[in-house]
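Q: Could you walk me through this structure? I would like to begin with how it is numbered and then look at a few details.

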Amino acid sequence: MATKRVESGRGRKAGTVKSAKQPVNRAFYLIIVVIAVIGIAALAYLSTRPKASRTVAFDSSLPTVQSQGYVMGSPSAPLEVTEFGDFECPQCGRFATLTEPDVRTRLVNTDSIRWRYIDFPLEMHQNTWNASIAAACADEQGRFWEMHDAIFAAQDQWNTEATSNPNKVLKRIGEPLVADKAKFDQCIDDQRTKPKVQAHYQLAIARKLPGTPSFIIGDQQISEFLTYDDFKKIVDQQLAKIKANPATATPNADSAKAAPLKKAGE
Amino acid sequence: MTKRMWMALISLLGLFLGAYLTLYKFGFIGTLACGVSSCEQVQTSRWSVFMGLPVATWGLGFYALMLALAIVGMQERYSDSSPLSLAMLVLTACGAVFTAWLNYLEAFVIHAWCEWCLFSAGMVLVLLVLAILDFRDTRTTIEA
């Protein structure tokens, strides 16, 4: 059998002994198995390692977040969570559409936390300033959060990939939300709210945030997408700290600005 | 090493790459290891899902199928199998066309590059070349 000759073709020269391949095959299968084991171990490690690697300790020398952004929730909530977000950032959109509904229903509406959103329009996104300005224009008519949700939900319709004229799309998105459409459109055309967005941007820069979304939850700063479970875990840790030491509760800097919320079932 | 061995090896690497990106897409991996490009921008864009499944998952399926075919092709019984060779050629050709479309989207629509996607594109290209050579060898064998 070991002397059987084979025909030419398949890269073999005539006369090659076929059975000589067997040790090669065995060695090859061994390599395959080793690579498979390493690969599986690597994937298992990556998917089970703690995901809070981008959490940094709170730096008290950085400017505090006060009276800026848009606030939702009870003034008496013990903990305030601040999100620095970019309307065109895909991960922010993912957070807004997947995680934030649960955060609002289970944490904000139950007065466990107060929620603050501050614009951090990143340079890489060409249309994000238009979105922040449009959201601030909706805020003039008390409809920031509705616009915030609509902008994120329709992110693929007005982002850089989709259009070079985002204002046209943003006006259409805001049309059913605002009472005074003409005022809203004019605000966008005049970029009337740009100073407000700039102030928010400066605040994010001053805090040296690495990107979006960035969350400040008590004494933790996290810069990555969070699932509801991840988010809740951090909030629970912070609430436990506040319970142990009520003096660490987040002071409410601008309760008058806090948007009234509809409780579940209302 | 034979061409089919190389195909199996490359497919195995691709399988793990597909699994890595799929796990990221389904939220099991926090952030992607991405040195110089914009992996997250690409992986979270609306183009990262094709027919209801993440593109990475399609890639995972492609590499798994290629691995299976290459390993079957390494068996003595199928070493000169023309249908098997043709199946690998058709599969890699489809993979190359799909990859080219994804690279076009990265370059001209998303305006961002994902280094893992480029790495995968390179592997698909090598697989296609190997599949063409393998198909040619099989035909030579039949003619001989």
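A: The answers below begin with conventions and then turn to chain B and chain A. This is a predicted model, in which local features need pLDDT of at least 70 and side-chain atom pairs count only at pLDDT 80 or more, while totals for chains, interfaces and linings use all residues. Residues are numbered from 1 along each chain as its sequence is written, and chains are lettered from A and ligands numbered from 1 in the order in which they are written.

Q: How many helices and strands are there in chain B?
A: Chain B has 5 helices and 2 strands. Helices (H or I, at least four residues) and strands (E, at least two) are DSSP runs, numbered from the N terminus. Starting at the N terminus, the order in chain B is α-α-β-β-α-α-α.

Q: At what angle do α1 and α3 of chain B pack?
A: Helix α1 (residues 3-25) of chain B packs against helix α3 (residues 55-74) of chain B at about 155°, and their axes are 7 Å apart. Axes are lines fitted to C-alpha atoms, for helices over the stretch in contact, and angles run from 0 to 180 degrees between N-to-C directions. The angle makes α1(B) roughly antiparallel to α3(B), a term for angles over 145 degrees.

Q: Which residue types form that contact?
A: The contact of α1(B) with α3(B) has 16 nonpolar, 7 polar and 2 charged residues. Here Ala, Val, Leu, Ile, Met, Phe, Trp, Tyr, Cys and Pro count as nonpolar, Asp, Glu, Lys and Arg as charged, and the others, Gly among them, as polar.

Q: New topic: is B:Q43 buried or exposed?
A: B:Q43 is buried, with 23 other C-beta atoms within 10 Å. A residue is buried if 20 or more other C-beta atoms lie within 10 Å of its own, exposed if 12 or fewer, and partly exposed in between; C-beta atoms are placed from the backbone. B:Q43 lies in helix α2 (residues 39-43) of chain B.

Q: What does B:Q43 touch?
A: Leaving out residues up to four places away in sequence, B:Q43 touches B:L21, B:Y24, B:K25, B:L32, B:S48 and B:C114. Two residues are in contact if their C-beta atoms, placed from the backbone, lie within 7 Å.

Q: And in chain A, which residues of α3(A) and α8(A) meet?
A: A:W129, A:S132, A:I133 and A:A136 in α3(A) meet A:K194, A:K196 and A:V197 in α8(A). That contact divides into 4 nonpolar, 1 polar and 2 charged residues.

Key. Parallel < 35°, antiparallel > 145°, perpendicular 65-115°, else oblique.
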